[in-house]
Amino acid sequence: MEVTTTWYLVLAAVLFTIGAVGVLIRRNPLVLFMCVELMLNAVTLTFVAFNSALGGLGGQMAVFFALVVAAAEVVIGLAIIVAIARRQPTTAIDDFSGLKG
Amino acid sequence: MELAVFIICSAIVLSGALGVLIANNPVHAALFLVETLFGIAVLFILLDATFLAAVQVVVYAGAIVILFLFVIMLLGVDRADDLGIEPISGQRPLTIVIGSSILGLMLTTLLISVSGPTGTSTSVSEVSLGGTNTKNLGGTLFHDHLFAVELTALLLTVAIVGAIALARRLKGPLQPIPILETTNDERPSPEDNGDVE
C-alpha cells in the first residue's frame with residue numbers, strides 16, 4: 001500500500017481540528033498558543049505534502065515564511081501574556097477582559 | 001517501509017496533539033507539543049523536505065517550546081487549568097459541534113469530492129534543479145524571493161522591539177500595579193515556587 005498525498009492531508013486535517021478544538025475549550029492562554037502552533041503545523045504539513053506532490057519548491061518556501069510568522073506571533077503573544085500577568089492575579093483567558101471584548 | 005514510518009509518525013503526532021489538548025499541567029502540554037513537532041519533522045523527511053525537517057526541530061523544538069517553557073516557569077505552573085469545570089455553559093457541546101463540523105467538512109473535501117491533489121505540476125521539478133534540497137532551497141529563497149526575505153527580517157525586528165516594549169518593567173511614576181499583592185496572597189506556597197532572588 002502506497003502512502004499518497006491524501007493520507008498526509010487527512011492527517012493534517014485531523015491535527016488542525018485538534019488544534020481548533022483546543023483553542024475553543026482550553027482556558028490557559030499558554031496552552032491556547034500551543035494549540036495555535038498545532039494548527040500552524042497542520043498547515044505547514046499540508047504545504048509540504050502538496051509540494052512533494054506537485055514538484056518545485058514553492059510549498060517549502062511558503063513553510064519558511066509561515067515558520068517566521070509563527071515565531072514572531074509567539075514572541076509577541078507571550079510578551080502580552082507576561083505583561084497582563086503582571087497586572088492581574090489570574091491568567092485564565094476569561095479574565096482578559098480589560099478591553100471589554 | 002514508508003507506510004510503517006507514516007503510521008508510526010501519525011500515531012506520534014496525533015497522540016502528542018491529544019496530549020496538548022487534555023494535559024492539565026502547561027509544562028506537560030509543552031512536552032506533548034515537542035512530541036508532535038518531532039513527528040512532523042520525521043514526516044517532512046519522508047516528504048523529501050530534509051532542510052525543513054531540521055529547521056522544524058531547531059526553530060520549533062529548540063526555540064519556540066523553550067520560550068513557552070520560560071514563560072510557564074516565569075508565571076508559575078500553579079494555576080492548574082481544571083478541565084472538569086465549564087465556566088461558560090454550553091461551551092463544550094458547541095465545541096464538539098464546531099470541531100466535528102470542521103473535521104467533517106475537510107474530510108469530505110479530501111476524500112469524497114476530489115481524488116488526490118488537483119492542480120498543475122510545476123515544470124521545474126526538484127530533481128531537474130540538481131543539487132541537494134538545502135542548496136535548491138537557498139537558491140530559490142535568496143534569488144526569487146529576496147524581497148520577501150527582507151520583509152521577513154523587518155518583521156522579526158519589529159517583533160523583537162515589540163516584545164521588549166511589552167515585557168519591559170516600567171521604571172518611575174508609571175508603575176501601575178497595585179494588584180500584585182493579591183497575586184502573592186493567592187499563591188498557595190510562595191516558598192517553593194523557585195523564587196530565588
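A: Here is a walk through the contact between the chains, the core, and a few residues around them.

This is a predicted model, in which local features need pLDDT of at least 70 and side-chain atom pairs count only at pLDDT 80 or more, while totals for chains, interfaces and linings use all residues. Residues are numbered from 1 along each chain as its sequence is written, and chains are lettered from A and ligands numbered from 1 in the order in which they are written.

The predictor gives the complex an ipTM of 0.91 and a pTM of 0.83. In chain A, confidence is highest in H1(A), at 92, and lowest in H3(A), at a mean of 88. For chain B the average is 80, and 72% of the residues score at least 70.

Now for the contact itself. Two residues count as being in contact if their C-beta atoms, placed from the backbone, lie within 7 Å. By that rule, chain B brings 74 residues to the contact and chain A brings 66 residues. On the side of chain B that touches chain A, the elements giving two or more residues are H1, H2, H3, helix H4 (91-113), helix H6 (133-143), helix H7 (146-167) and helix H8 (180-186) of chain B. H3(B) gives the largest share of that side, 11 residues. Sorted by type, the residues on this side of chain B are 50 nonpolar, 17 polar and 7 charged. Here Ala, Val, Leu, Ile, Met, Phe, Trp, Tyr, Cys and Pro count as nonpolar, Asp, Glu, Lys and Arg as charged, and the others, Gly among them, as polar.

A few words on chain B as a whole. Its secondary structure comes to 8 helices and 0 strands; these are DSSP runs numbered from the N terminus, with helices being H or I of at least four residues and strands being E of at least two. Buried residues make up 18% of the 197 residues in chain B. A residue is called buried if 20 or more other C-beta atoms lie within 10 Å of its own, exposed if 12 or fewer, and partly exposed in between, with C-beta atoms placed from the backbone.

Next comes the core. The largest nonpolar core has 62 residues, and those with the most contacts inside it are Met34(A) and Val20(B). Such a core is a set of buried Ala, Val, Leu, Ile, Met, Phe, Trp, Tyr and Cys residues joined through C-beta atoms within 7 Å. At least two residues of this core come from each of helix H1 (5-25), H2 and helix H3 (58-87) of chain A, and from each of helix H1 (2-22), helix H2 (26-46) and helix H3 (50-75) of chain B. The largest share, 15 residues, comes from H2(A). Leaving aside neighbours within four places in sequence, Val20(B) is in contact with residues including Met34(A), Val31(A) and Leu38(A), as well as Phe32(B) and Leu33(B).

H2(A) deserves a look of its own. This helix is mostly covered, with 21 of its 26 residues buried. The expected span of a helix is 1.5 Å times one less than its number of residues. For H2 (residues 29-54) of chain A that gives 38 Å, and the end C-alpha atoms are 38 Å apart, which agrees. Just after H2(A), Gly55(A) takes a positive phi of about 80°.

Trp7(A) is found in helix H1 of chain A and is partly exposed, with 17 other C-beta atoms within 10 Å. In chain B, Asp48(B) sits in the loop between H2 and H3, and its phi is near 65°, a positive value in a residue other than glycine. Most residues other than glycine have a negative phi. Asp48(B) is partly exposed, as 15 other C-beta atoms lie within 10 Å. Met1(B) lies in the segment before H1 of chain B, and this residue is exposed, with 5 other C-beta atoms within 10 Å.

One last word of caution concerns the end of chain B. The pLDDT stays under 50 over residues 180-187 of chain B, for which the model has 7 contacts beyond four places in sequence. Over residues 189-197 of chain B the pLDDT is also below 50, and this stretch has 5 contacts in the model beyond near neighbours in sequence.

How values were computed: pLDDT = per-residue confidence, 0-100.
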